[in-house]
Amino acid sequence: MSDTDDTPMVKAERVHKSFGAVEVLKGIDLQVRRGEVFCVVGPSGSGKSTFLRCINHLEKINAGRLYVDGELVGYRQRGNKLYEMREREVAAQRRDIGMVFQRFNLFPHMTAAENVMEAPVQVKGLPKAEARERAEELLERVGLGDRADHYPAQLSGGQQQRVAIARALAMDPKLMLFDEPTSALDPELVGEVLDVMRALAEDGMTMIVVTHEMGFAREVGDSLVFMDEGVVVESGHPREVLTNPRHERTKAFLSKVL
Ligand code: ADP
Ligand code: MG
């Protein structure tokens, strides 16, 4: 699709998700535009990770509609009926979405470059030499050109997280999901990861970022939603919501994290 396409990159309509009897998402409505940095903030347990996981097929929604780039996530619609997608179709949708978790989840027995090469070689069948070259470019892009042959254990947390970002980028995603990517890092390592994310945003990547880094949300974010107990309590431009929260729950949360 072209840059002028105004189909939202993500659209959620009354999305519900339960685990057993516990309803975790209670009707989420939101839209993420192409090229935007969309921040999600809210207290622990409010359903932020679950929402990201639904976008990336790690969880299935129970009701509502969830679209990525105009396509229903996990379902085909014919007439009024929905049919679950086949595994191949699910895999095709997932390939276009990169995800970075709080824990870096690198393969410990593989070097940085091998971690980045893994999916392009295994999933896309890219020849190894080509994948290696591309991995080196991506590592360069996240400031780790000189660490290609290091193992995760030889890298700092911030460096590992940057490898994880490079690894996600290796599949040329149209959407990147970040689930508290800096929460597990020592404070002095947070900045280098946020800098990489900022550069990615400047390159026009569409990103959904769950974060407690309000400085990042304010400076880099285009939109922000505050979630609590499975609902979007309020949304708007990050500066607006962060400086001028309208709801008591948002005010209470922000007074704790700012
Ligand atoms: P957040 O990321 O905002 O902290 P989560 O989406 O991780 O919130 O969790 C929301 C709620 O859903 C929590 O109460 C959590 O315990 C529950 N939950 C998340 N995943 C599961 C699961 N696989 N099974 C049961 N409950 C879950
Ligand atoms: Mg979470």
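Gly 45 brings a backbone N or O atom to 2.7 Å from an oxygen atom of ligand 1, while Thr 50 places a polar side-chain atom 2.5 Å from an oxygen atom of the ligand. Taken alone, ligand 1 exposes 560 Å², and the protein buries 56% of that (accessible areas come from the Shrake-Rupley method with a 1.4 Å probe; for residues, only the protein chains shown count as cover).

A quick word on the basis of all this: the model is predicted, so to speak of a local feature takes pLDDT of at least 70 and side-chain atom pairs count only at pLDDT 80 or more, whereas totals for chains, interfaces and linings use all residues. Residues are numbered from 1 along each chain as its sequence is written, chains are lettered from A and ligands numbered from 1 in the order in which they are written, and side-chain values use heavy atoms, with hydrogens and water left out.

Back at the ligand, the residues around it are Phe 19, Val 24, Pro 43, Ser 44, Gly 45, Ser 46, Gly 47, Lys 48, Ser 49 and Thr 50 (a residue is near a molecule or strand if one of its heavy atoms lies within 4 Å of it). By class, this shell has three nonpolar, six polar and one charged residues (Ala, Val, Leu, Ile, Met, Phe, Trp, Tyr, Cys and Pro count as nonpolar, Asp, Glu, Lys and Arg as charged, and the others, Gly among them, as polar). Helix 1 (residues 48-55) gives the shell its largest share, three residues (helices, H or I, at least four residues, and strands, E, at least two, are DSSP runs numbered from the N terminus).

Next come the pockets. The largest pocket has a volume of about 560 Å³ (a pocket, on a 1 Å grid over the protein atoms alone, is an open set of points where a 1.4 Å probe fits, with protein on both sides within 12 Å along at least five of seven lines; lining residues have an atom within 4 Å of a point). Its lining counts 22 residues, with Arg 94, Ile 97, Met 99, Ala 119 and Met 171 nearest the centre. Helix 2 (87-95), strand 8 (97-100), helix 3 (112-122) and helix 5 (157-169) each supply at least two lining residues. Eleven nonpolar, six polar and five charged residues make up this lining.

The second largest pocket holds about 190 Å³ of space. It is lined by 13 residues, and His 57, Glu 59, Lys 60, Val 73 and Gly 74 are the closest to its centre. This lining has eight nonpolar, two polar and three charged residues.

Asp 69, in the loop between strand 4 (63-68) and strand 5 (71-72), has a positive phi near 55 degrees. Asp 69 is buried, with a relative accessible area of 9% (buried means under 20%, exposed over 50%, partly exposed in between; 1.4 Å probe, protein chains only). Its side chain makes a polar contact of 2.8 Å with that of Lys 174. Glu 180, in the loop between strand 9 (175-179) and helix 6 (187-202), has a positive phi near 45 degrees and is buried at 14%.

Methods:
A polar contact is a pair of N or O atoms within 3.5 Å; within protein, one must be able to donate a hydrogen and the other to accept it, and residues adjacent in sequence count only if both atoms are side-chain atoms. Grid points are joined across faces, edges and corners, and a volume is the space filled by probe spheres set on the points.
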